[in-house]
Amino acid sequence: MIDLDNQTNIEIEMSALETIANDLTSKDIELILTNNEEIQVLNNEHRNIDKATDVLSFPLEFDMPNMPLGSIVISVDFVEEKAKEYNHSFEDELKLLFIHGLLHLIGFDHEVDTGEHREKEEEMIKKYDLPKSLIVRNS
């Protein structure tokens, strides 16, 4: 189950995100939708990078029964911007960023792995017939 904390005024259809989450984990996930200002604060606090970003993942440091997997924070400002830039829907861009963040929660890390995160991302993008823009911009 996804526990949505929508800090924006944008209505979100959750069924597709639930399907994607259930495909990768049986654990609950917190999804926080925010804006560039708020995600920049989090990015600075947790990564010492003082700029807005599209998605952040915060896995729980311990695995206990009935505990959520962690939190995914997505900037809807980035979702809107990238959807326009790559000429696809807001919903598709949200799914792409959700997949990227969820893969981080389950242990993938493109910053240190040898391509496994990217390969799994490509697999999920194909499975859910999503635009390949995330692959292109991360290549």
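Me: Two strands count as paired once DSSP finds at least two bridges between them. In this predicted model, what makes strand S2 and strand S4 a pair, and in which sense do they run?

Reply: Strand S2 (residues 29-34) and strand S4 (residues 70-75) are joined by six bridges. The requirement is at least two, so the two strands pair. The sense is parallel. Within this pair, Leu33 stands opposite Ile74 in S4.

Me: Why is one side of S1 and of S3 left without a neighbour in the sheet?

Reply: The sheet is open and its four strands follow the order S1-S2-S4-S3, with mixed pairing. Strand S1 (2-6) and strand S3 (55-59) are at the edges and have a single partner strand each, so one side of each has no neighbour in the sheet. On average, neighbouring strands here are turned by 15° against each other, direction ignored.

Me: Which strands does helix H4 touch?

Reply: Helix H4 (residues 90-105) packs on the sheet and touches S1, S2, S3 and S4. Its direction makes about 150° with that of S4. Helix H3 (residues 76-85) lies across S2 and S4, at about 55° to S4.

Me: Why are H1 and H5 called oblique to each other?

Reply: The axes of helix H1 (residues 15-24) and helix H5 (residues 116-127) cross at roughly 135° and come within 12 Å. Roughly antiparallel needs an angle over 145 degrees, and roughly perpendicular covers 65 to 115. H1 and H5 are therefore oblique. Their crossing is right-handed.

Me: Which residues make the contact of H1 with H5?

Reply: Ile20, Asp23 and Leu24 in H1 meet Lys120, Met124 and Lys127 in H5. By class, this contact has three nonpolar, three charged and no polar residues.

Conventions: Residues are numbered from 1 along each chain as its sequence is written. This is a predicted model: local features need pLDDT of at least 70, side-chain atom pairs count only at pLDDT 80 or more; totals for chains, interfaces and linings use all residues. Side-chain values use heavy atoms; hydrogens and water are left out. Helices (H or I, at least four residues) and strands (E, at least two) are DSSP runs, numbered from the N terminus. Axes are lines fitted to C-alpha atoms, for helices over the stretch in contact, and angles run from 0 to 180 degrees between N-to-C directions. Contact means heavy atoms within 4.5 Å. Angles under 35 degrees count as roughly parallel, over 145 as roughly antiparallel, 65 to 115 as roughly perpendicular and the rest as oblique. A crossing is left-handed if the near helix is turned anticlockwise from the far one by less than a right angle, and right-handed if clockwise. Ala, Val, Leu, Ile, Met, Phe, Trp, Tyr, Cys and Pro count as nonpolar, Asp, Glu, Lys and Arg as charged, and the others, Gly among them, as polar.
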